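Me: Hi! Could you walk me through a few spots in this structure? I'll hop around a bit.

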Amino acid sequence: MTDISSLSRKRCALVTGGSKGIGFEICRKLAENGIKVILTDRYQKDAIEAVENLKLSGNLDVVSHQLDVNDSASIAAVANYVKSNFEKLDILVNNAGAPGLLIAKPQEFRSFKDGAGFFQVTDENAHLYEGILEENYELTEECLKTNYYGTKAVTAELLPLLQLSNSARIVNVSSFNGALKWIYNEKVKAELNNVESLTEESIDEIVNWYLKDFKENNLKANGWPIVLSGYKISKAAMNAYTRLLARKFPNMLINCVHPGYSQTDMTCKTGPLTPEEGARAPAMVALLPDDGPSGIYFNEMLPSTF
């Protein structure tokens, strides 16, 4: 029988959306660094299969658990599992995400402008993607619910277990699309950029304002991004939340990271990086030394600006 006290001494990480793509490779990299990894996915079957695949490549210490970041009962269940089996949590990687759009014509998207994918999608050329990319209120709402509110809900539930660690890390997987430069509303940009006055309530108010404007077709009028709209706002809100958390919990290292544009299902397999290459930066941030930075946005392997 395994001694639970020996388990509690080993560093333990939980990764959301871990069954494929960048999340799967983050799990592999953390396990290869001697971390006990809890690989979670919305679908238990996918999580189990992913763990089996990881174990084929070596004697990695990885277990699976179901976790839907939009389901409070599921979040509570995974927190209870961590508490019962490992007593504490050292690393939380919030990787699960939703794109906020539908790639209606994948082949056209992959071949558009030499296969540069989302690198080429801007508000200025949004008309070129009509019929190729589809965005609507339901997809946008789901995107914000998952990327922002889901990240918040999982983090809030697991914070008591992270506080039991003497080397806690929270890594929020973000995107270059979360940069404030994509938002043209100066009031919103100023609020999200002022870390001293940021509150959860103020971020929520901005998200609600955005959703109201989306529903009322006022995005352009009020300076919101038009294309990749929900995704950009969700990641900008997540970045702001990361800075807020870092200020609130100075004993933890809490950062967000753009992993690099990687070939995943979400990007329709476009981008210069493989999922394994995309996992390098999140894994590095998860394994920062105790004197590492907090409240930082990493653009791949380097600290950058919001």
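Reply: Happy to. Let's begin with Glu87, which sits in the loop between α4 (72-86) and β4 (91-94). Keep in mind that this is a predicted model.

Me: What is the phi of Glu87 like?
Reply: Glu87 is not a glycine, yet its phi is positive, at about 70°.

Me: And is Glu87 buried, exposed or partly exposed?
Reply: Glu87 counts as partly exposed, with 38% relative accessibility.

Me: Which loop holds Leu228?
Reply: Leu228 belongs to the loop between α8 and α9 (229-248). Leu228 also has a positive phi, about 55°, although it is not a glycine. Its relative accessible area is 3%, so Leu228 is buried.

Me: OK, new topic: helix packing. At what angle do α6 and α8 pack?
Reply: Helix α6 (residues 137-162) and helix α8 (residues 200-215) pack at about 170°, and their axes are 10 Å apart. Because angles over 145 degrees count as roughly antiparallel, α6 is roughly antiparallel to α8.

Me: Which residues of α6 and α8 meet?
Reply: From α6 there are Tyr137, Thr140, Glu141, Leu144, Tyr148, Tyr149 and Lys152. On the α8 side they meet Glu200, Ile203, Asp204, Val207, Asn208, Tyr210, Leu211, Phe214 and Lys215.

Me: How many residues of each class are in that contact of α6 with α8?
Reply: The contact of α6 with α8 has 9 nonpolar, 2 polar and 5 charged residues.

Me: While we're on α6, what about Gly150? Buried or exposed?
Reply: Gly150, which has its place in helix α6, is buried, with a relative accessible area of 1%. Leaving aside neighbours within four places in sequence, Gly150 is in contact with Val69, Asn70 and Lys145.

Me: How far apart are Gly150 and Phe306?
Reply: Going C-alpha to C-alpha, Gly150 and Phe306 are 21 Å apart in space, and in sequence they are 156 residues apart.

Me: Let's switch to Thr16. Where is Thr16 found?
Reply: Thr16 is in the loop between β1 (12-15) and α2 (21-32). With a relative accessible area of 1%, Thr16 is buried.

Me: What does the side chain of Thr16 reach?
Reply: The Thr16 side chain reaches the backbone nitrogen of Asn95, at 2.8 Å. Beyond its neighbours within four places in sequence, Thr16 is in contact with Thr40, Leu67, Val69, Val93, Asn94, Asn95, Ala96 and Val154.

Me: Cysteines next. How many disulfides does the structure hold?
Reply: The structure holds 0 disulfides. Cys256 is in no disulfide, and the nearest cysteine sulfur, that of Cys143, is 16 Å away. Cys256 is buried, with a relative accessible area of 0%.

Me: Where does Glu108 lie?
Reply: Glu108 lies in helix α5 (residues 106-111) and is partly exposed, with a relative accessible area of 41%. The C-alpha atoms of Glu108 and Ile132 are separated by 6.9 Å, while the two residues are 24 residues apart along the chain.

Me: Last stop: which strand holds Asn299?
Reply: Asn299 is in strand β9 (residues 297-299). Its relative accessible area is 35%, so Asn299 is partly exposed.

Me: Which residues is Asn299 in contact with, again leaving aside neighbours within four places in sequence?
Reply: Asn299 is in contact with His258 and Ser304. As for Gly278, its C-alpha atom is separated from that of Asn299 by 11 Å, with the two 21 residues apart along the chain.

Definitions and conventions
Residues are numbered from 1 along each chain as its sequence is written. This is a predicted model: local features need pLDDT of at least 70, side-chain atom pairs count only at pLDDT 80 or more; totals for chains, interfaces and linings use all residues. Side-chain values use heavy atoms; hydrogens and water are left out. Helices (H or I, at least four residues) and strands (E, at least two) are DSSP runs, numbered from the N terminus. Buried means under 20% relative accessible area, exposed over 50%, partly exposed in between (1.4 Å probe, protein chains only). A polar contact is a pair of N or O atoms within 3.5 Å; within protein, one must be able to donate a hydrogen and the other to accept it, and residues adjacent in sequence count only if both atoms are side-chain atoms. Contact means heavy atoms within 4.5 Å. Axes are lines fitted to C-alpha atoms, for helices over the stretch in contact, and angles run from 0 to 180 degrees between N-to-C directions. Angles under 35 degrees count as roughly parallel, over 145 as roughly antiparallel, 65 to 115 as roughly perpendicular and the rest as oblique. Ala, Val, Leu, Ile, Met, Phe, Trp, Tyr, Cys and Pro count as nonpolar, Asp, Glu, Lys and Arg as charged, and the others, Gly among them, as polar. A disulfide is a pair of cysteine sulfur atoms within 2.5 Å.
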